[in-house]
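Work through these exercises with the structure open beside you. Try each task before reading its solution.

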Amino acid sequence: MFLIGQGMDAHRFAPDRPLVLGGVRIPDEPGLRAHSDGDVVIHALCDALLGAATLGDIGRHFPDSDARYRHIDSRVLLRQTMEKLRARKLRVQNADLTIIAQKPKLSPYFEAMRSILAQDLSCPPNRVNLKATTTEGMGFTGRKEGIAALAVVLLREVSQNDFP
Ligand code: MG
């Protein structure tokens with residue numbers, strides 16, 4: 001059985017914070033304001049995973065009212081999300097991610113993001129796709145107020161036998 005999920009997130013720039021996207025630190029760029037490290041890519045991905053598994057959303061599992069998640073590395077949230085999916089015998093078939101940002105140029109970081117995310121998703125790197133687009137100056141991303149991310153994932157249910 002296959003299950004599909006989608007996720008979306010957006011955060012406002014916060015110049016005093018480091019920029020982390022897809023688990024990769026992007027040097028010399030303003031970061032994003034958030035309770036956690038502000039990794040919109042991982043947040044969108046977690047929402048897509050939880051959506052596909054019919055487990056609600058990231059805010060339900062990791063509420064920003066909870067001090068445990070303050071400034072947390074979003075990879076920790078991704079790994080905890082994957083634990084919830086593994087408990088339901090769900091594995092990632094593929095993930096397709098789109099980052100919406102007027103700047104910076106992100107393609108030089110895609111390979112690093114892909115390798116990190118594949119590791120946390122327990123899938124081969126060639127099942128994780130990253131894309132980036134501007135909005136040609138339109139809207140909040142175009143005005144450089146923040147960065148948004150979209151994620152789509154496909155999960156498959158595995159039998160007890162082929163589960164590691
Ligand atoms: Mg978020």
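## Exercise 1: Helix H3

**Task.** Which span should the 14 residues of helix H3 (residues 74–87) have at 1.5 Å a residue, and how far apart are its end C-alpha atoms?

**Solution.** The model is predicted.
- Step 1. At 1.5 Å a residue, the 14 residues of H3 should span 20 Å.
- Step 2. The end C-alpha atoms of H3 are 20 Å apart, which agrees with that expectation.

**Task.** Which residues of H3 are buried, and what covers them?

**Solution.**
- Step 1. The buried residues are Ser74, Arg75, Leu77, Leu78, Thr81, Met82 and Leu85.
- Step 2. They cover an arc of only 155° around the axis, so they sit on the same side of H3.
- Step 3. The cover over these residues includes helices H1 (40–52), H2 (58–61) and H4 (110–121). It also includes strands S3 (90–100) and S5 (146–157).

**Task.** Inspect both ends of H3. Which residue caps the N-terminal end, and which residue just after H3 takes a positive phi?

**Solution.**
- Step 1. The N-terminal cap is aspartate 73. One of its side-chain oxygens lies 2.9 Å from the backbone nitrogen of arginine 75.
- Step 2. Just after H3 comes lysine 89, with a positive phi of about 60°. Lysine 89 is a residue other than glycine.
- Step 3. Lysine 89 belongs to the loop between H3 and S3. Its relative accessibility is 31%, so lysine 89 counts as partly exposed.

## Exercise 2: Aspartate 120

**Task.** Where is aspartate 120? Is it buried or exposed? Which side chain does its own side chain meet in a polar contact?

**Solution.**
- Step 1. Aspartate 120 is in helix H4.
- Step 2. The relative accessible area of aspartate 120 is 5%. The cut-off for buried is under 20%. Aspartate 120 is therefore buried.
- Step 3. The polar partner is the side chain of arginine 79, at 3.1 Å.
- Step 4. Set aside neighbours within four places in sequence. Aspartate 120 is then in contact with Arg75, Leu78, Arg79, Met82 and Arg86.
- Step 5. Link this to Exercise 1. Arg75, Leu78 and Met82 are among the buried residues of H3, and H4 is part of what covers them.

## Exercise 3: The magnesium ion

**Task.** Which residues coordinate the magnesium ion, and what spacing do the donors follow along the chain?

**Solution.**
- Step 1. The ion is coordinated by Asp9 (OD), His11 (NE2) and His43 (ND1). The distances run from 2.1 to 2.3 Å.
- Step 2. Along the chain, the donors follow D-x1-H-x31-H.
- Step 3. Check burial. Aspartate 9 has 16% relative accessibility, so it counts as buried. Histidine 11, at 17%, also counts as buried.

## Exercise 4: Asparagine 94

**Task.** Which strand holds asparagine 94, and how far apart in space are asparagine 94 and asparagine 126?

**Solution.**
- Step 1. Asparagine 94 is in strand S3.
- Step 2. Its relative accessible area is 31%, so asparagine 94 is partly exposed.
- Step 3. Asparagine 94 and asparagine 126 are 8.4 Å apart, C-alpha to C-alpha. In sequence, 32 residues separate the pair.
- Step 4. Leave out residues up to four places away in sequence. Asparagine 94 touches Arg127, Val152, Val153 and Leu154.

## Exercise 5: Backbone geometry in loops

**Task.** Which residues does a cis peptide bond join, and what is the phi of histidine 71?

**Solution.**
- Step 1. The cis bond joins lysine 103 and proline 104, with omega about -5°.
- Step 2. Proline 104 is in the loop between S3 and H4.
- Step 3. Histidine 71 has a positive phi of about 60°, although it is not a glycine.
- Step 4. Histidine 71 lies in the loop between H2 and H3. Its relative accessible area is 47%, so histidine 71 is partly exposed.

## Exercise 6: The whole fold

**Task.** How many helices and strands does the protein have, and what radius of gyration would a compact globule of 164 residues have?

**Solution.**
- Step 1. The protein has 5 helices and 5 strands.
- Step 2. Along the sequence, the pattern is β-β-α-α-α-β-α-β-α-β.
- Step 3. A compact globule of 164 residues would have a radius of gyration near 15 Å. The protein has 15 Å, which agrees.
- Step 4. The C-alpha trace spans about 50 × 35 × 25 Å along its principal axes.
- Step 5. Of the 164 residues, 48% are buried.
- Step 6. Take contacts between residues at least 6 apart in sequence. Of these, 72% join residues at least 24 apart.

Methods: Residues are numbered from 1 along each chain as its sequence is written. This is a predicted model: local features need pLDDT of at least 70, side-chain atom pairs count only at pLDDT 80 or more; totals for chains, interfaces and linings use all residues. Side-chain values use heavy atoms; hydrogens and water are left out. Helices (H or I, at least four residues) and strands (E, at least two) are DSSP runs, numbered from the N terminus. The expected span of a helix is 1.5 Å times one less than its number of residues. Buried means under 20% relative accessible area, exposed over 50%, partly exposed in between (1.4 Å probe, protein chains only). The arc is that of the directions from the helix axis to the C-beta atoms. Contact means heavy atoms within 4.5 Å. A polar contact is a pair of N or O atoms within 3.5 Å; within protein, one must be able to donate a hydrogen and the other to accept it, and residues adjacent in sequence count only if both atoms are side-chain atoms. Donors are N, O and S atoms within 2.8 Å of the metal (3.2 Å for Na, K and Ca); water is not among the atoms, so sites may look incomplete. The radius of gyration is taken over C-alpha atoms; the globule rule is 2.2 Å times the number of residues to the power 0.38.
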